[in-house]
Amino acid sequence: MRLPTDTEQTTNDPAILQITTVGDDSACYFWSGLFRRGTAPARELLALADHDKIFTIAAQQGLHEDEAVMLSNTDCSPSHYTHLVPAPTDPQQVERATVQTFVSALQLWRPQRAGLYFAPRLLAPQAAAEMLLQIIREAMLTAARREFCLATGTTEANDLLNTTVWLKENLEREAINVCIYH
């Protein structure tokens, strides 16, 4: 199957969940993920052009930040954006404020596709699935986003596929049609 073009989009179109690898620039130019609080200054990440490296540092070393950070690389065309949000204090829980931070960024920046990646060390699998469901649902309702790239590392592909099927089932219970591409 092919992805629809912009001119084919209508308000009744299904949500599109595309499974990809972290930072696949051909799939998405706007990525959001979590960071743990740590020692790396956010400005050091600006020099990194690779989303995978940014997310790895954000999860392993952590950022010396208390609030969400937007990294913008406008030296390339199209520009690339990486939005990093502090991870919940309890990796087993979904915090409402964390979900709202993701959705607010999508409302403000209005990317055509929103890439989402949660490093497994920062959020338990069930909490990650629930957070994805809440972000996607709210982004569709309030930010009019219908296309999402869900990213995985090389060892998480089956887990993300299972989570994406779970997302599809839950969204379709709410009368939201969903297409999965992988």
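This is a predicted model: local features need pLDDT of at least 70, side-chain atom pairs count only at pLDDT 80 or more; totals for chains, interfaces and linings use all residues.
Entry 1: I started with the general idea. Side chains of opposite charge can pair when their charged atoms come close. I then looked up the total for this structure, and the count is four salt bridges.

**Entry 2: E138 and R96.** I checked the distance in this pair. Next I looked up where the partners sit. E138 is in helix α4, residues 125-142, and R96 is in helix α3, residues 96-109. They are 42 residues apart, so I noted a link between distant parts of the chain. Are the two buried or exposed? E138 has a relative accessible area of 16%, which is under 20%, so E138 counts as buried. R96 is partly exposed at 46%.

**Entry 3: E174 and R137.** Here I found a salt bridge with an N to O distance of 2.9 Å. E174 lies in the loop between α5 (157-173) and β8 (178-181), while R137 lies in helix α4. The pair therefore ties together parts 37 residues apart in sequence. E174 is partly exposed at 36%, and R137 is partly exposed at 22%.

**Entry 4: E172 and K168.** E172 has a relative accessible area of 35% and is partly exposed. K168, at 24%, is partly exposed too.

Conventions. Residues are numbered from 1 along each chain as its sequence is written. Side-chain values use heavy atoms; hydrogens and water are left out. A salt bridge is a side-chain nitrogen of Lys or Arg within 4 Å of a carboxyl oxygen of Asp or Glu. Helices (H or I, at least four residues) and strands (E, at least two) are DSSP runs, numbered from the N terminus. Buried means under 20% relative accessible area, exposed over 50%, partly exposed in between (1.4 Å probe, protein chains only).
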